[in-house]
Amino acid sequence: MVASKGIDRYPGGLNLTGRLQSNGTELKINLGLKLENGKLIQAHGGSILHFDGIFYWFGENKAGRTKPAKPNGPALNRVDVIGISVYSSRDLLNWKNEGLALRGGDGAGHPDLAFRGIVERPRVLYHAASRRFVMWLHIDDEKYKTARLGIAVASKPAGPYIYRRSFRPHGEESRDFTVYQDDDGFAYIAYSSEGNRVMHLARLASTLDDVVPGFERALVGQSRESPVIFKCAGVYFLFTSGCTGWEPNRAEVFYASALLGQTWRSLGDPCVGGASARRTFMAQATFALPVPGSPGRFLLMADRWNQERLGVSRYIWLPLFVVEAPTAERLRAMPAERERSRVRRGDRERVVKPAARAVPADAALGLDVVVRWHHEWDVQTLDVLPQPRSRGQPL
Ligand code: GAL
């Protein structure tokens, strides 16, 4: 039924195959690296738009040669901009290569998309009123100094997307980011700013292609990036990585009762199981796809970067659970989590300080987040832990 090779057996990467069933409809996921024609999937730093029964997986196409950034260290290793790929699937198992949703490079007609720049982390929102699809991007120069957001629009989900412009939201730096559209239609953005030391949060305009004035500063001084937002039982969660370039590091998840106007509190590192849990299973989360019909169940998409050959970087998808009480495994992980962990950044060894509050859910929240390593997993895995009951008034 399930065949996969795991991280500990194959440290170079992972082919994960899983099956997932929801509401009687079988959804299957297969994260084998190859499409039918044998080509590697090129959808790094990706995200998924679920539209009209089809999943669209957008990501960076890094199929070119990795250019080492010596003497600056591998964090600035890069591939010339090719564009944003899109793959479509009805079942999360069979992926059709839809080509480039947004074409990059010198011939693409806009300096932001030039070969020597940076075009990362596409996220797509559907704007129902205009029936347009709005793609948000991290746009940068090769040294990550410009730190801007880019906007492209299309009339069909897979594109082609027409690049419009880039800007600094609220005049502030924006590097890793995500956008999140809430049930009421309002959409929000979280972006790493101020030298990646502070996470900014803001609301998007109703047109979904701009921010409204005013932003909030969160996780001040904590240097978190690669934000991933998901929601369960009225609580918002912000899954983050540390700032170590392509090197994996310790994940940390925060929660709040609203995306704006609330203090984000830490739940610590939700990863458990396997030797590499403290380094997010040697990966960096990029998106959480809600499992249809299963509250509190998400597919956590992560990139296992290969910084010497970015184009062969792998993808890891794991079940992410929101649960009502910390699991035994998660409680056991707490002491280890508080230890200082060392990660390499470039040639220098850097000590990453643990969060001040690396503790599980406080009583007021009554929810916890857990991402458990699975060499193999299937639909039953999603039922291993009870789903959280829906609650009237969270927090
Ligand atoms: C990571 C970031 C990636 C990429 C990389 C470059 O921290 O999440 O998207 O920008 O840095 O070093």
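Q: Is W57 buried or exposed in this model, and where in the chain does W57 sit?
A: Because buried means under 20% relative accessible area, W57, with a relative accessible area of 1%, counts as buried. Please keep in mind that the model is predicted. The residue belongs to strand β4, which covers residues 54-60.

Q: Which residues does W57 touch, leaving aside those up to four places away in sequence?
A: A contact here means heavy atoms within 4.5 Å, and by that reading W57 touches I41, A43, G46, S47, I48, S85, V86, Y87, W95, M301, Y315 and W317. As for distance along the chain against distance in space, W57 and S88 are 31 residues apart in sequence, while their C-alpha atoms are 6.2 Å apart.

Q: How many helices and strands does the protein chain have, and what share of its residues is buried?
A: The protein chain has one helix and 27 strands, and buried residues account for 57% of its 395 residues. Of the contacts between residues at least 6 apart in sequence, 55% join residues at least 24 apart. The accessible surface of the chain is about 16,500 Å², and 49% of that surface belongs to carbon and sulfur atoms.

Q: Which residues are around the ligand, and of what classes are they?
A: The residues around the ligand are A75, E120, R121, Y144, D176, E225, G245, W246 and Q284. Sorted by class, this shell holds three nonpolar, two polar and four charged residues.

Q: What distances separate the oxygen atoms of the ligand from A75, R121 and Y144?
A: For A75, the atom concerned is a backbone N or O atom, and it lies 2.5 Å from an oxygen atom of the ligand. For R121, a polar side-chain atom lies 2.9 Å from a ligand oxygen, and for Y144 an N or O atom in the side chain is 3.3 Å from an oxygen atom of the ligand. Taken alone, the ligand exposes 310 Å², and the protein buries 94% of that area.

Q: Where do D210 and R165 lie, and are they buried or partly exposed?
A: D210 and R165 form a salt bridge whose closest N and O atoms are 3.5 Å apart. D210 lies in the loop between β15 (198-203) and β16 (216-218) and R165 lies in strand β12, so the pair ties together parts that are 45 residues apart in sequence. D210 has 28% relative accessibility and counts as partly exposed, and R165, at 31%, likewise counts as partly exposed.

Q: Which residue forms a salt bridge with E173, and how many salt bridges are counted in total?
A: E173 forms a salt bridge with R175, the closest N and O atoms being 2.9 Å apart, and R175 counts as buried at 10% relative accessibility. Elsewhere, salt bridges that share partners join K67, R78 and D80 into one network. The count comes to 17 salt bridges.

Q: Which peptide bonds are cis, and which residues other than glycine have a positive phi?
A: Most residues other than glycine have a negative phi, and most peptide bonds are trans. Here a cis peptide bond joins K70 and P71, with omega about 5 degrees, and P71 is placed in the loop between β5 (66-67) and β6 (78-79). Another cis peptide bond joins G159 and P160, with omega about 10 degrees, and P160 lies in the loop between β11 (148-154) and β12. As for positive phi values, A147 has a phi near 50 degrees and is found in the loop between β10 (132-140) and β11, where it counts as buried at 0% relative accessibility. L219 also has a phi near 50 degrees, lies in the loop between β16 and β17 (224-232), and counts as buried at 6% relative accessibility.

Terms used. Residues are numbered from 1 along each chain as its sequence is written. This is a predicted model: local features need pLDDT of at least 70, side-chain atom pairs count only at pLDDT 80 or more; totals for chains, interfaces and linings use all residues. Side-chain values use heavy atoms; hydrogens and water are left out. A residue is near a molecule or strand if one of its heavy atoms lies within 4 Å of it. A polar contact is a pair of N or O atoms within 3.5 Å; within protein, one must be able to donate a hydrogen and the other to accept it, and residues adjacent in sequence count only if both atoms are side-chain atoms. Accessible areas come from the Shrake-Rupley method with a 1.4 Å probe; for residues, only the protein chains shown count as cover. Ala, Val, Leu, Ile, Met, Phe, Trp, Tyr, Cys and Pro count as nonpolar, Asp, Glu, Lys and Arg as charged, and the others, Gly among them, as polar. A salt bridge is a side-chain nitrogen of Lys or Arg within 4 Å of a carboxyl oxygen of Asp or Glu. Helices (H or I, at least four residues) and strands (E, at least two) are DSSP runs, numbered from the N terminus. Buried means under 20% relative accessible area, exposed over 50%, partly exposed in between (1.4 Å probe, protein chains only).
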